[in-house]
Amino acid sequence: MKKLLSRHNIFSALVLALLSSLFVSEVYANTADSKTDSKLVIAHRGASAYVPEHTLESKVLAYMMGADYVEQDVVMSKDNHLIVIHDLYLDELSNVASVFPERKRKDGHYYVIDFTLQELKSLQFSEPFTTKNGKKVQTYPDRFPMQTSTFTLHTLEEEIEFIQGLNKTLGKKMGKEVGIYVETKAPWFHKQEGKDISLATLEVLKKYGYTTKDSKVYFQSFDYPDLVRVKKELLKKLKMDIKLVALVGYNNWLETYELKNNKWIPYDFTYLQDSKNFKDIAKVVDGVGPTITMLFNIQDNKAVENGYAKLAAKAGLAVHPYTLRADSLPAYVKSADELINLVLFEAGASGIFTDFPDLVVEFLDKNTK
């Protein structure tokens with residue numbers, strides 16, 4: 001009972017504080033008049049710079065800061081629930097090692113897919129950390145204190161209902177409807193485990209009314225081969241036509257595998273990085289999600305846009321690069337504002353993923369007329 005009360009107090013205090021600031025702050029009061037509709041502000045795992053990522057608390061904070069879309073990474077549980085979490089495993093976000101010490105796989109990881117929803121909800125979550133010499137070290141040391149307060153996991157359905165509820169109660173005051181931006185994590189991995197995460201995710205989106213290009217939703221994945229299947233098979237099967245985005249990574253990340261000749265091999269992202277392919281890519285997806293660094297060539301420690309975003313836009317693709325972190329800026333910029341300007345205006349991206357949605361909203365309100 002004490003933990004539940006603590007969680008309730010934390011959440012209520014956060015909401016009340018934000019409501020107060022919303023209507024006295026010039027930045028937030030002018031959100032309805034901002035130009036963020038033309039340059040999308042996408043809250044990366046929520047307002048994850050301020051509250052632990054992918055918690056409902058981080059999502060309400062992102063909503064109140066004026067984000068246009070709030071991101072949901074999804075992974076499937078053992079009993080086929082869609083869990084909102086960034087990683088396939090639980091090690092560096094929760095107390096799973098102390099609650100279920102015997103449940104790790106041979107590679108040392110505790111996988112979400114090995115736990116039921118009830119088991120997952122029994123865990124406590126915090127800021128990401130790594131373990132060095134047996135000691136937990138917070139990934140971003142100046143963010144919310146690691147392993148304090150009480151944060152828990154939730155399902156995609158729960159988050160959609162939460163965002164839709166906020167749209168009903170606060171949408172008019174914010175001057176807009178906030179959308180959801182769903183990423184299926186490693187569909188190839190789920191297939192190896194006998195699960196179809198893309199189909200399950202689309203079914204949930206359809207259940208909640210996200211079925212057309214006009215719906216306030218993006219469906220993204222690093223698994224481009226699976227996105228082709230989504231486009232050609234699953235959307236037709238479900239009579240849906242929502243916006244798809246191909247996330248672009250680097251080959252050495254080993255982010256995606258594809259099945260060829262009955263063998264799983266690393267996917268080659270070169271295809272998605274080459275502007276010569278944009279017209280063909282646009283036949284499958286509505287946008288691309290490159291890293292910020294893919295938009296620039298670095299010369300004498302200065303970023304020079306390389307045409308990636310503009311050529312993608314010419315082919316009809318939205319460009320939503322990731323991730324702006326004011327507390328982890330690249331060496332070639334001195335401030336978050338400088339990087340925002342480089343990405344959205346010099347490079348010409350149509351949106352940006354950020355852990356700091358408030359900073360991007362403030363920049364756009366001040367600099368777009």
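Me: In this predicted model, which residue just after α3 takes a positive phi, and of about how many degrees?
Reply: The place to look is the position that directly follows helix α3, where the backbone takes a positive phi. The residue there is Gly66, and its phi is about 100 degrees.

Me: Is helix α3 itself largely enclosed or left open by the rest of the structure, and why?
Reply: A residue counts as buried when its relative accessible area is under 20%. Helix α3 covers residues 56–65, and the buried ones run from Leu56 to Met65, with Glu57 and Lys59 among them. Because 10 of the 10 residues of α3 are buried, the helix is largely enclosed.

Me: How are α13 and α14 oriented to each other?
Reply: Helix α13 (residues 336–346) packs against helix α14 (residues 357–367) with the axes 10 Å apart and at an angle of about 70 degrees. Angles of 65 to 115 degrees count as roughly perpendicular, and therefore α13 and α14 are roughly perpendicular.

Me: Which class of residue supplies 8 of the residues in the contact of α13 with α14?
Reply: On the α13 side the contact includes Ile340, Leu344 and Phe345, while α14 brings Leu359, Val360, Phe363 and Leu364. By class there is 1 charged residue and 1 polar residue, and the class that supplies 8 is nonpolar.

Me: What share of the protein's residues is buried?
Reply: The protein as a whole has 14 helices and 15 strands, and it exposes about 16,800 Å², of which carbon and sulfur atoms supply 52%. Of its 369 residues, the buried share is 54%.

Conventions. Residues are numbered from 1 along each chain as its sequence is written. This is a predicted model: local features need pLDDT of at least 70, side-chain atom pairs count only at pLDDT 80 or more; totals for chains, interfaces and linings use all residues. Side-chain values use heavy atoms; hydrogens and water are left out. Helices (H or I, at least four residues) and strands (E, at least two) are DSSP runs, numbered from the N terminus. Buried means under 20% relative accessible area, exposed over 50%, partly exposed in between (1.4 Å probe, protein chains only). Accessible areas come from the Shrake-Rupley method with a 1.4 Å probe; for residues, only the protein chains shown count as cover. Axes are lines fitted to C-alpha atoms, for helices over the stretch in contact, and angles run from 0 to 180 degrees between N-to-C directions. Angles under 35 degrees count as roughly parallel, over 145 as roughly antiparallel, 65 to 115 as roughly perpendicular and the rest as oblique. Contact means heavy atoms within 4.5 Å. Ala, Val, Leu, Ile, Met, Phe, Trp, Tyr, Cys and Pro count as nonpolar, Asp, Glu, Lys and Arg as charged, and the others, Gly among them, as polar.
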